[in-house]
Amino acid sequence: SFNGGRDEMAIISYTAAIAASKSSKFVHEQGLSCELAALHFKRRKELNTAVVYFKQAKACYEEWGSQVKIDAIIQQIDSIQ
């Protein structure tokens, strides 16, 4: 790709971070990893994929109990849909 594969590496890194935080039961870090992946896909205009990751982040933040993060994710989703 034109950017030397940075996007592919970013996707691999986000996926690894999500998996690692999930297996370690760090739900807040899993939420953050999903949120960062979502923002990455939003910047790339891959909006359907972004929404999937935002919804995963929202579920993590709900489990964690952070209403501030939940509200921020809802705003992100609303800005796409």
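The model is predicted, so local features need pLDDT of at least 70 and side-chain atom pairs count only at pLDDT 80 or more, while totals for chains, interfaces and linings use all residues. Residues are numbered from 1 along each chain as its sequence is written, and side-chain values use heavy atoms, without hydrogens and water.

Helices here are DSSP runs (H or I, at least four residues), numbered from the N terminus. Helix H1 spans residues 6-23 and helix H2 residues 27-43; their axes come within 8 Å and cross at roughly 160°. Axes are lines fitted to C-alpha atoms over the stretch in contact, with angles from 0 to 180 degrees between N-to-C directions. H1 is therefore roughly antiparallel to H2, a term for angles over 145 degrees. Residues in contact (heavy atoms within 4.5 Å) include Tyr14 and Ile18 from H1, and Leu36 and Phe41 from H2.

The largest nonpolar core has 15 residues, and Tyr53, Phe54 and Ile73 have the most contacts inside it. Such a core is a set of buried Ala, Val, Leu, Ile, Met, Phe, Trp, Tyr and Cys residues joined through side-chain atoms within 4.5 Å. H2, H3 (47-64) and H4 (67-80) each supply at least two residues of this core; the largest share, six residues, comes from H3. Beyond its neighbours within four places in sequence, Ile73 touches Glu35, Phe54, Ala57, Lys58 and Tyr61.

Ile70 lies in H4. Its relative accessible area is 8%, so Ile70 is buried (under 20%, with a 1.4 Å probe and protein chains only). Ile70 and Lys58 are twelve residues apart in sequence, yet 5.5 Å apart in space, C-alpha to C-alpha.

Key
Angles under 35 degrees count as roughly parallel, over 145 as roughly antiparallel, 65 to 115 as roughly perpendicular and the rest as oblique. Buried means under 20% relative accessible area, exposed over 50%, partly exposed in between (1.4 Å probe, protein chains only).
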